[in-house]
Amino acid sequence: MMHGEPIAAASLGEEGAVPAATSLPLVCTSKLTKIYRMGEVEVLALDAVDFAASAGEFDVILGPSGSGKSTFLNLIGGLDTPTSGEAWFQDHQLAKASEAALTRYRRDHVGFVFQFYNLVPSLTARENVKLVTEISRRPMRPEEALELVGLSDRMDHFPAQLSGGEQQRVAIARAIAKRPDLLLCDEPTGALDSKTGVVVLEALLRVNAEFDTTTLVITHNVAIREIAHRVVNFANGRIVSVETNQTRLPASAISW
Amino acid sequence: MNALHIKLIRELRRLWAQVASIGLVIAAGVAALIIGMGTYQSLEKTRADYYARNNFADVFASVARAPRSLLPAIGELDGVLVVDARIVRLAPADVEGLAEPASVLLISLPAGPQPLNQLHLRSGRLPEAGQTTEAVVSEVFATARGLVPGSRLDVVMNGTHRSVTITGIALAPDYIYAMTPGDIMPSEGRFGVLWMPEATIAATYDLTGAFNTVSLKLAPGAATNTIIAGLDRLLAPYGGQGAYGRSQQTSHVFLDAELTQLRGMSAVLPPIFLVVAAFLVNMTLTRLIALEREQIGLLKALGYGSWSIAWHYVEFVLLIAVLGIVAGYGFGIWAGNALTVLYARYYSFPVLTFSRDPAIYVIAAAVTMGASVLGAVRAVRQAAWLPPAVAMMPPAPPVYRRILGARNPFHLEVPQRWIIASRHLLHWPWRTAGGVVGLALATAILIGSLWSVGAINYMVDYTFNRTERQDGTITFLGSRPAAALYEVARLPGVLAAEPFASLGVEISKGPVSRRIGLTAYAGGSDQTRLLDDRFRPVVLPEEGVIISRSLARLLRVGLGDSVEIRPLDGGGQTYSVSVAGLMEGYLGLAAYMDLEALDTLLGRSPQISGVNVEIDERQQAELFAALKATPALGMISLRSVALERFRETMAQNMFVMIGVLLAMAGVIAFGVVYNFARISLSEQGREMASLRVLGFSRGEVSMLLLSEIAMVTLLAQPIGWLLGIGLARGMVSSFSSELFTMPLVLELDVFVYSTAVVMAAAGLSGLVVRRRIDRLDMIAVLKTRE
Ligand SMILES: Nc1ncnc2c1ncn2[C@@H]1O[C@H](COP(=O)(O)OP(=O)(O)O)[C@@H](O)[C@H]1O
Ligand SMILES: [Mg+2]
């Protein structure tokens with residue numbers, strides 16, 4: 001595959017397993033670069049990355065530790081701003097957006113799932129989801145979101161009363177309850193065992209299928225690649241290859 | 001320095017803002033303690049030394065005119081050590097630079113040494129025997145009027161002008177606080193004391209071989225009351241006006257009131273600060289230890305013992321305390337000295353310096369360190385004794401209560417952010433309660449001090465605008481026939497004149513009796529009048545007496561009951577009169593009558609003691625000139641001047657006091673809220689970062705914390721109001737004496753200001769912490785595990 005070259009929206013459409021793209025990709029980046037400065041030392045975390053994903057895609061991002069995956073996800077999620085280059089969401093330029101505009105962007109369009117679940121410990125599962133639905137434009141009911149991740153019977157439990165996998169599924173419910181256009185997951189199964197991880201992945205796939213949510217999942221679990229439309233490989237702050245899966249496996253078929 | 005000490009220093013540096021705010025609270029407490037105890041000690045000790053060195057008397061009495069031959073009999077009274085008879089007379093004086101007449105109190109100096117109430121000569125010398133017109137003058141008056149040895153002063157002695165030469169400037173233990181008799185405040189420069197050779201005064205007033213004032217020194221442990229009764233008995237035939245002890249000696253009483261106030265301050269304020277400081281220490285340390293739990297486990301695994309870990313945290317607390325104590329010493333000594341300088345202006349002592357007693361500083365330091373360590377104990381005990389394996393594991397996940405949730409009984413749709421805030425508050429009930437109490441105390445301190453401004457304004461308004469509305473009062477030297485009114489009315493510039501009579505009486509019912517001033521006004525008086533509880537003018541009854549409620553309570557009498565009245569300067573005759581009305585009064589025990597009713601009661605021809613006048617300001621100078629020319633008319637005091645001086649004095653004292661208390665309450669409120677918010681932020685930083693990721697704005701996330709602060713602050717207000725009312729009540733009862741009551745005037749604005757100040761301090765610290773929320777690094781927080 002191409003190395004760090006722009007992936008035109010049109011070319012995406014030709015690749016069979018990828019959902020048909022409309023005229024514009026949902027997110028795309030051009031020469032996206034992030035340099036961290038720590039005193040004298042500069043770390044080139046992201047080196048002119050070009051990328052595009054269309055609506056409904058489910059991509060897995062692989063790469064060694066420190067290769068820039070999280071930095072990339074944070075930039076397109078509007079959690080941080082690049083040093084140079086551009087990032088677009090539909091026709092919104094993210095790279096130069098103000099703090100307030102990025103907050104709006106995250107609120108309206110993006111859902112995040114992290115390795116550590118980051119639930120509010122003083123709120124029950126339902127209330128954690130409600131936290132988001134309260135500020136969204138077209139949310140689903142919290143119960144509906146929890147139902148989707150299979151937690152209907154755990155809605156009134158506090159995070160401390162849930163297992164790791166359950167907590168992660170609450171986090172997913174919380175991320176999808178706003179019906180985001182973009183779901184960004186940074187090692188969502190990193191802290192989970194295989195069996196629990198599969199349940200979490202199933203929830204992600206289900207959301208992707210039912211709502212056409214473009215989903216990017218970072219993992220260093222190579223087994224997970226089989227469930228994606230495309231697999232994006234990072235190394236040294238660059239995308240070194242993008243592979244398209246002709247056939248996808250269901251989550252239940254994989255383990256690690 | 002070992003590794004733990006390095007950690008300690010780093011910790012202090014990292015938490016410097018919290019350390020500083022706790023240190024400030026401690027400093028305020030230490031300062032309050034030092035100011036209160038130090039000033040109290042200074043005044044108390046200085047007064048005691050002064051009294052002892054200059055032989056301040058124990059019992060005092062005035063008499064119309066008693067022969068000196070009575071003195072041996074007085075000396076015979078059991079327990080009397082020294083008897084000192086003097087002649088004391090009030091006289092008008094013409095002072096250069098003062099338009100209206102001033103008044104001076106003439107006090108006789110014996111030919112030999114003074115037995116009691118000895119002068120402390122500041123400069124110059126005593127009058128020489130035989131020099132009839134030499135005098136020593138009191139320092140405050142001399143300073144105000146620029147008198148120095150050699151200055152001359154025109155004094156009207158028994159109707160004739162005398163040019164008196166000042167030979168010296170002095171202080172006396174019986175005039176530490178010098179006021180015109182009958183006034184409620186010292187009138188600097190308008191009233192002074194002149195000590196003159198006894199021969200001069202006796203000759204002028206026709207009192208040779210006689211005296212009109214006597215002071216006694218008693219043996220230690222003597223029965224004061226018995227001696228007072230005995231003295232009264234001896235003086236009665238000569239117009240004895242009633243003997244009294246130090247507890248009714250004006251100068252002594254005013255100092256006592258000051259001392260009571262200082263003692264109250266040192267009893268109330270420092271404990272409040274120390275409690276708050278202990279709470280802040282506890283709160284901060286608990287959080288610090290929670291964050292360092294794993295480190296503690298590690299240290300223990302490395303072989304550090306529980307005690308050395310406990311000591312490490314105690315050292316942390318002690319260092320904060322030491323910072324606070326040092327700052328408190330500095331501020332306390334500075335403010336104490338400033339206060340002492342202020343006191344030295346009102347109270348004439350030979351020397352008044354702020355106490356340097358090391359005991360005060362030792363006590364302040366010990367108490368403060370004790371309170372801080374006490375605050376630390378619980379937090380340290382919880383952590384230091386954990387087995388290392390347990391300590392190294394994260395603590396059990398917190399259990400929250402499901403309040404305000406979906407199934408709340410009111411079916412309210414509460415925003416989740418409020419739920420987070422309230423559950424977080426409830427999760428730490430003791431800390432929350434501590435924060436509420438801390439802020440309530442700040443509010444209470446403010447209410448407890450601000451109310452007095454309203455009360456004083458109220459009293460000024462009541463006295464000067466509602467009841468005593470005259471421009472000036474001309475007080476005769478003794479009483480004069482009622483026709484004297486017309487003499488005054490004819491003076492230039494007098495627009496209206498209303499007569500009054502005032503006399504000292506002993507009022508009694510059964511065994512209870514009190515010496516009070518009885519004032520009588522002419523019917524229809526408009527300038528000076530009495531008001532009832534609803535500020536309506538009271539018409540003085542044709543017969544009978546109106547007395548203050550406090551007097552009625554003391555005598556246990558009500559409307560219609562009869563009381564006995566004995567004029568103090570009369571022949572000891574008593575008159576029976578009925579109580580025709582009751583009224584509130586701030587100047588303690590008082591009684592009022594109609595002028596005619598009084599004359600009828602006493603069976604005398606109409607007499608008056610003075611005249612209240614309305615003055616045409618344009619002719620004021622002529623009026624003063626006329627008054628100086630006719631000294632028989634006595635002295636004039638001007639309301640406007642009195643009012644101005646009163647306001648000045650009060651404003652000055654209040655400004656200082658309220659400024660200090662505002663700062664102190666601010667320190668508490670800021671300290672409590674700041675630490676509260678910092679800890680809350682430290683505990684919830686992760687949640688706040690998650691909320692930012694979820695798309696909450698900085699403002700919305702800050703609200704999480706600000707709403708916690710708001711809830712605590714609001715909750716504290718009603719409690720603070722109640723505590724403040726209690727504090728104000730306590731102050732009223734500690735001020736109140738038979739001589740004087742302060743009204744408990746608690747206007748709404750006192751509560752509004754107090755709450756506003758506390759809220760402002762809370763808001764300020766909230767904003768400071770908010771800046772930290774704005775800088776919250778979402779990504780860094782989310783990468784790490786709690
Ligand atoms: N806040 C930061 N400050 C400095 N360097 C950082 C920061 N975040 C990430 N880096 C560096 O950027 C590089 C890429 O990091 P990251 O995107 O987290 O990698 P990955 O998620 O692929 O493991 C790494 O070398 C990392 O050390
Ligand atoms: Mg990463």
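So, the shell around ligand 1: by class, its residues are five nonpolar, six polar and two charged. Here Ala, Val, Leu, Ile, Met, Phe, Trp, Tyr, Cys and Pro count as nonpolar, Asp, Glu, Lys and Arg as charged, and the others, Gly among them, as polar. This is a predicted model, where local features need pLDDT of at least 70, side-chain atom pairs count only at pLDDT 80 or more, and totals for chains, interfaces and linings use all residues. Residues are numbered from 1 along each chain as written, chains are lettered from A and ligands numbered from 1 in written order, and side-chain values use heavy atoms, without hydrogens and water.

Of the 13 residues around the ligand (a heavy atom within 4 Å of it), A:Gly66, A:Gly68, A:Lys69, A:Ser70 and A:Thr71 come nearest. The site is shared between chains, because residues from chains A and B surround ligand 1.

Now the polar contacts, meaning N or O pairs within 3.5 Å; within protein, one atom must be able to donate a hydrogen and the other to accept it, and residues adjacent in sequence count only if both atoms are side-chain atoms. A polar side-chain atom of A:Thr71 sits 2.5 Å from a ligand 1 oxygen. Backbone polar atoms do this too: the distance to an oxygen of ligand 1 is 3.0 Å for A:Gly68 and 2.9 Å for A:Lys69.

And what joins the two chains? Four salt bridges cross the interface of chain A and chain B, each a side-chain nitrogen of Lys or Arg within 4 Å of a carboxyl oxygen of Asp or Glu. B:Arg698 pairs with A:Glu99 in a salt bridge, with the closest N and O atoms 3.6 Å apart.
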